[in-house]
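Let me put it on the screen.

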Amino acid sequence: MGFLQNIFKKKKIIEHVHEDFSGLITDVHSHLIPGIDDGSKSLDESISLILGLQSLGYKKIITTPHIMSDYYRNDKEGILTGLKRLQEAVKLHKIDMEIDAAAEYYLDTHFEELIKKKEILSFGKNMVLFELSFFEEPKLLDQIIFDLQLEGYQPVLAHPERYAYWHRSFSHYEKLIDKGVIFQANLGSFSGNYGPEVMKTVGKLAENNWISLLGSDTHHMMHIQLFRTLKTNQVIQRLLIDNNLLNSKL
Ligand SMILES: [Fe+2]
């Protein structure tokens, strides 16, 4: 890229800096239903977190409790009951925020069974958020992507930048993109919150235009404080300017 183009690009970034994440409109990844996973512990805490997300510019939240057969045995019914409670509390506090729910599915045989039984909580038209082990490469990945697509779902991989076993083999990311998986990156990854390798990887995913969704993955107030420091992060701003993110369409 030429010198003048570079200056122009930088100027464009500065001109478009918002003081918040209002360009995203919708957050697609958080743990705000109290007491059902490692996120919010009470309805009061959920309300504080929702107010925090509102102060960052969000208008809508699709919250995504963990469904993991070993640790968080949540199901569709439990999540929807929790969602209703949360929506009522938001209304009671007169907070102008739309709240919806899906789930963050851990890739295990339980997830595979749920897909086959069509007991999946999706968001948007047909998107399904799923995560992988942080410690070992997933064995069921190809099969589950195939199962999801066969049932008409759009697989959305949560925080691909956080899987350390792929940091040095970028071809894995490329293969997933080729299969039609879309990537949801975490805001915190851009700050180095999850370490320098994660920050480097999320930068590379952004450079390749492989990030379709940004998620806060909010669990507690420390996350909200962290996001305040990221409002003018240049890589995030670049993603917003490029306008390829799907958040605002949900
Ligand atoms: Fe999460």
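Let's begin with helices H4 and H5. H4 covers residues 109–116, and H5 covers residues 141–150. Please keep in mind throughout that this is a predicted model. Two packed helices are described by the angle between their axes and the distance between the axes. For H4 and H5, the axes come within 10 Å and cross at roughly 20°. Angles under 35 degrees count as roughly parallel, and therefore H4 and H5 are roughly parallel to each other. Their crossing is left-handed. On the H4 side, the contact is made by Phe-111, Glu-112, Ile-115 and Lys-116, and on the H5 side by Ile-144, Asp-147 and Leu-148.

Helix H2, residues 43–55, and helix H3, residues 76–92, have axes that come within 10 Å and cross at roughly 65°. Which hand does the crossing of H2 and H3 have, left or right? H2 passes H3 in a right-handed crossing. If you'd like to find the contact on the screen, look for Leu-43, Ser-46, Ile-47 and Ile-50 in H2, which meet Arg-85, Leu-86, Ala-89 and Val-90 in H3.

Now back to H5, and on to the strands around it. H5 belongs to a right-handed β-α-β unit, together with S6 and S7. Strand S6, residues 127–131, runs parallel to S7, and 4 bridges join them.

On to the next step along the chain. S7 also runs parallel to strand S8, residues 182–186, with 3 bridges joining the two. Here Val-156 has Ile-182 in S8 as its bridge partner. To get from S7 to S8, the chain crosses through helix H6, residues 171–179, and this β-α-β crossover is right-handed.

And there is one more unit of this kind to show you. S8, helix H7 (residues 196–207) and S9 make a right-handed β-α-β unit. S8 and S9 run parallel and are joined by 4 bridges, and Gln-184 stands opposite Leu-213 in S9.

Let's zoom out to the sheet these strands belong to. It is an open sheet of 6 strands with parallel pairing, in the order S3-S5-S6-S7-S8-S9. The edge strands are S3, at 66–67, and S9, at 211–215, and each of them pairs on one side only.

S1 pairs with strand S2, residues 60–63, in the parallel sense over 2 bridges. Within that pairing, Thr-26 has Lys-60 in S2 as its bridge partner.

His-159 has phi near 30°, a positive value in a residue other than glycine. Where does His-159 sit? His-159 is in the loop between S7 and H6. The cut-off for buried is 20 or more other C-beta atoms within 10 Å, and His-159 is buried because it has 24 of them.

The other residue is Asn-209, with phi near 60°, again a positive value in a residue other than glycine. Asn-209 lies in the loop between H7 and S9. Is Asn-209 buried or exposed? The cut-off for exposed is 12 or fewer, so Asn-209, with 11 C-beta neighbours inside 10 Å, counts as exposed.

How values were computed
Residues are numbered from 1 along each chain as its sequence is written. This is a predicted model: local features need pLDDT of at least 70, side-chain atom pairs count only at pLDDT 80 or more; totals for chains, interfaces and linings use all residues. Two strands pair if DSSP finds at least two bridges between them. A crossover is right-handed if, with the strands pointing away from the viewer, the path from the first strand over the helix to the second runs clockwise. Axes are lines fitted to C-alpha atoms, for helices over the stretch in contact, and angles run from 0 to 180 degrees between N-to-C directions. Angles under 35 degrees count as roughly parallel, over 145 as roughly antiparallel, 65 to 115 as roughly perpendicular and the rest as oblique. A crossing is left-handed if the near helix is turned anticlockwise from the far one by less than a right angle, and right-handed if clockwise. Two residues are in contact if their C-beta atoms, placed from the backbone, lie within 7 Å.
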